[in-house]
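Let's take a friendly look at a protein model together. Have the sequence and the 3D view ready as you read.

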Amino acid sequence: MKKLLLLIPIIYIACAHEPDPEQQGRQMLREARQLYADGNYEASRDTILSLRRRFPTALDARRQAILLMDSIELQLAQGDSLKQEFFRRKLEHDLKGLGNKD
């Protein structure tokens, strides 16, 4: 029992120092936005996909990333009017559905 009581503070300290997934997700979202602003759409998309894989519980960052991903896809669809129209409508739909919290 004494050993168990000694482990509790150690476990608490270890958990207290774990990085917050939401904070890390927001950092990756900032990186993706900067890449997008720089015109590096493929790298921006890859960053968002990585955010989704690495931080599945960063729900707010992931919600905001949906809109950025729509914008990326719209930019990458330049020259393909059918794709452009699809992603334009998808962006409008996602903006309505997410309430544009950004």
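This report walks through a core, a helix and some aromatic rings in a predicted model.

## The nonpolar core

Start with the largest nonpolar core, which is built from 12 residues. Among them are M28, L29, I48, F55, A58 and L68. Three helices, α2 (21–37), α3 (41–54) and α4 (59–76), each supply at least two residues of this core. The most comes from α4, which gives five.

Leaving aside residues up to four places away in sequence, A58 touches P21, E22 and G25.

## A look at helix α4

Now follow α4 along its 18 residues. From its first C-alpha to its last, α4 reaches 25 Å, close to the 26 Å expected at 1.5 Å a residue.

The buried residues of α4 include A61, Q64, A65, L68 and I72. What covers the buried residues of α4? The cover includes α2, α3 and α5 (81–98). As you look, keep in mind that an α-helix has 3.6 residues a turn, so residues three or four places apart point the same way.

## Two aromatic pairs

The structure holds two aromatic pairs. In one, the rings of Y36 and Y41 have centres 5.3 Å apart and planes at 55°, so this pair is tilted. Y36 counts as partly exposed because its relative accessibility is 23%, and Y41 is also partly exposed, at 22%.

F86 and F87 form an edge-to-face pair, with 4.9 Å centre to centre and 80° between the planes. Is F87 buried or exposed? F87 is buried, because its relative accessible area is 14%, and buried means under 20%.

Notes. Residues are numbered from 1 along each chain as its sequence is written. This is a predicted model: local features need pLDDT of at least 70, side-chain atom pairs count only at pLDDT 80 or more; totals for chains, interfaces and linings use all residues. Side-chain values use heavy atoms; hydrogens and water are left out. A nonpolar core is a set of buried Ala, Val, Leu, Ile, Met, Phe, Trp, Tyr and Cys residues joined through side-chain atoms within 4.5 Å. Buried means under 20% relative accessible area, exposed over 50%, partly exposed in between (1.4 Å probe, protein chains only). Helices (H or I, at least four residues) and strands (E, at least two) are DSSP runs, numbered from the N terminus. Contact means heavy atoms within 4.5 Å. The expected span of a helix is 1.5 Å times one less than its number of residues. Rings of Phe, Tyr and Trp (its six-membered ring) pair if their centres lie within 6.5 Å; planes under 30 degrees apart count as stacked, over 60 as edge-to-face and the rest as tilted.
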